[in-house]
Amino acid sequence: MMNKNMLYRSIPKVDVLLENETVQELIDHYSRDTVMEAIHAEMDKLRKFIGECDDEEAAKAQIELLLAHIEMTVAAMHTPNMRMVVNGTGTILHTNLGRAPIGHEHMRRITAIATGYSNLEYNLKAGRRGERYSHFEKLLCKLTGAEAAMAVNNNAAAVMLILSSLAKGGEVVVSRGELVEIGGKFRIPDVMEQSGATLVEVGTTNKTHYDDYENAVTEETKALLKVHTSNYRIVGFTESVGIDELIPLAKERGIPVIEDLGSGVLIDLSKYGITYEPTVQDSIAKGADVVCFSGDKLLGGPQAGIVIGRKKYIDMMKKNQLTRALRIDKFTAAALELVLQEYLSEEKAVQNIPVLKMITRSLEDVTWKAEKLCRLLKEAELPAKIGLEECESQIGGGSLPLERIPSMAVAVRPERISVAELEERMRHLPVPIIPRVANDTVLMDVRTIERRFFQIIVSQLKELDVLEEVSLIAGR
Ligand SMILES: *Cc1c(COP(=O)(O)O)cnc(C)c1O
């Protein structure tokens, strides 16, 4: 029979703990408040543990670990929860992992701007108030052929702003084949409702004809909307009406044609072996009056919703009160200008924009990189079988859903633990590694892993055994 009272009594008192050198150091390094909070939390946990435990040795071991647990808890309280992770999934625009990474050189410029004051809304030439879109509006117009441009927080916001500005209280005609849900429960019909415009659905899921639009247009129609079905494909017996066909109808009624492009590509990706995705320039050239797209999908920039088109419509949006609520901040404005500038030369864009670089990197290059990581892991002599395995990367982010890019992964088959266990432990590393698991193997697709992470991956995997002990004892 174990003597629980004795165990409870052997827990150090708070004032004794506070005299302890380690605890003193914690207070100096962090703060007295968080150390006290951690002491109380860990003591509560310990009492509960003893209460439920019938193994005296285990209870004693847990008491021994009290100080270590307090240290870990305080450190955890002061460690940001949001951190970098290694994306080994091969999905380039991974929505859950932050979509498009920003280039290092760009980030350095953004840091310089954001850590001090900037001319975000100050016209240096005239010495008076300026416009935050001015930094990238001309660039966007040059690159796309549009008359005017602006940007809001994301493309969902852009759709809402456009409809609220141009179609509030009226009707907007859209094909039933284009009523998309984009993920995170974001649905085009719901956004329209929020904007105060009424949706008029025409056609069927697979076929919409010109007549369908023509018959649906009434006195109340304020716009025709096309939504690029970027995240799915309807194949087989299908028909849709192109922007160019809708323009005459819209002109005749004096209403705009709006296109939500979703991804927003500025270069012809077919040159790099990727399926041709209609570019933003294509939409403008075909006569679309307003076009919107994401900043952090195939464009490879910051999270933003870019709106371009005829000046009179963009001006209406700039004046809309909603814009104040949806406006981009200085980080985004700075990043957008930098990323768009790269597009002045396609070669530079493909080199300096991480998303484009990852998409266009040749299989030879990726294989060479994979061999390097593979060699480093083999040298680490982990208790696992390590080798190369052919795989396929995806674009992700609801862009080009059918596209598969041949790629190379480093495959890890652990010898002492299961694949599921390894995957879980990799997620709990200081720099978490998110791999793909297939055919009972942990795969790290090297296309989405930067070289600078190789050493981090190797040294962390080497230390997995150490982590195992800590995590088991602490029960965390
Ligand atoms: C992704 C997408 C959106 C939403 O863009 P966010 O930038 O994620 O808000 C809207 N419309 C379409 C067609 C999309 O593909």
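Predicted model: local features only at pLDDT ≥ 70, side-chain atom pairs only at ≥ 80, totals over all residues.
1. Let's begin with the open sheet of 7 strands, whose order is E5-E11-E10-E9-E8-E6-E7 and whose pairing is mixed. Strand E5 (148-152) and strand E7 (198-202) are its edges; each has a single partner strand, so one side of each has no neighbour in the sheet.

2. Residues are numbered from 1 along each chain as its sequence is written, and side-chain values use heavy atoms, leaving out hydrogens and water. Helices (H or I, at least four residues) and strands (E, at least two) are DSSP runs numbered from the N terminus, and two strands pair if DSSP finds at least two bridges between them.

3. Within the sheet of point 1, strand E8 (residues 221-227) and strand E9 (residues 257-262) run parallel and are joined by 4 bridges. Val227 has Asp260 in E9 as its bridge partner. Helix H8 (residues 134-144) packs on this sheet and touches E5, strand E10 (290-294) and strand E11 (305-309), its direction making about 120 degrees with that of E5. Contact means heavy atoms within 4.5 Å; axes are lines fitted to C-alpha atoms, for helices over the stretch in contact, with angles from 0 to 180 degrees between N-to-C directions.

4. The other open sheet has 5 strands in the order E2-E12-E13-E16-E15, again with mixed pairing. Strand E2 (91-93) and strand E15 (436-438) are at the edges with a single partner strand each, so one side of each lacks a neighbour in the sheet. Strand E12 (residues 384-396) pairs with strand E13 (residues 405-414) in the antiparallel sense over 10 bridges; Gly387 is partnered by Ala411 in E13, and Glu392 by Pro406. E2 and E12 pair in the parallel sense over 2 bridges, with Gln394 in E12 as the partner of Thr91. Helix H20 (residues 419-427) lies across E13, E15 and strand E16 (441-445), at about 40 degrees to E16.

5. How do helix H9 (residues 155-167) and helix H14 (residues 311-319) cross? Their axes come within 9 Å and cross at roughly 105 degrees. That makes H9 roughly perpendicular to H14 (65 to 115 degrees). Leu161, Ile162, Ser165 and Leu166 in H9 meet Tyr313, Met316 and Met317 in H14.

6. Finally, the largest pocket holds about 1,500 Å³ of space; on a 1 Å grid over the protein atoms alone, a pocket is an open set of points where a 1.4 Å probe fits, with protein on both sides within 12 Å along at least five of seven lines, and lining residues have an atom within 4 Å of a point. The volume is the space filled by probe spheres set on the points. Its lining has 48 residues, with Ala100, Pro101, Ile102, Glu450 and Arg452 nearest the centre.

Methods
Parallel < 35°, antiparallel > 145°, perpendicular 65-115°, else oblique.
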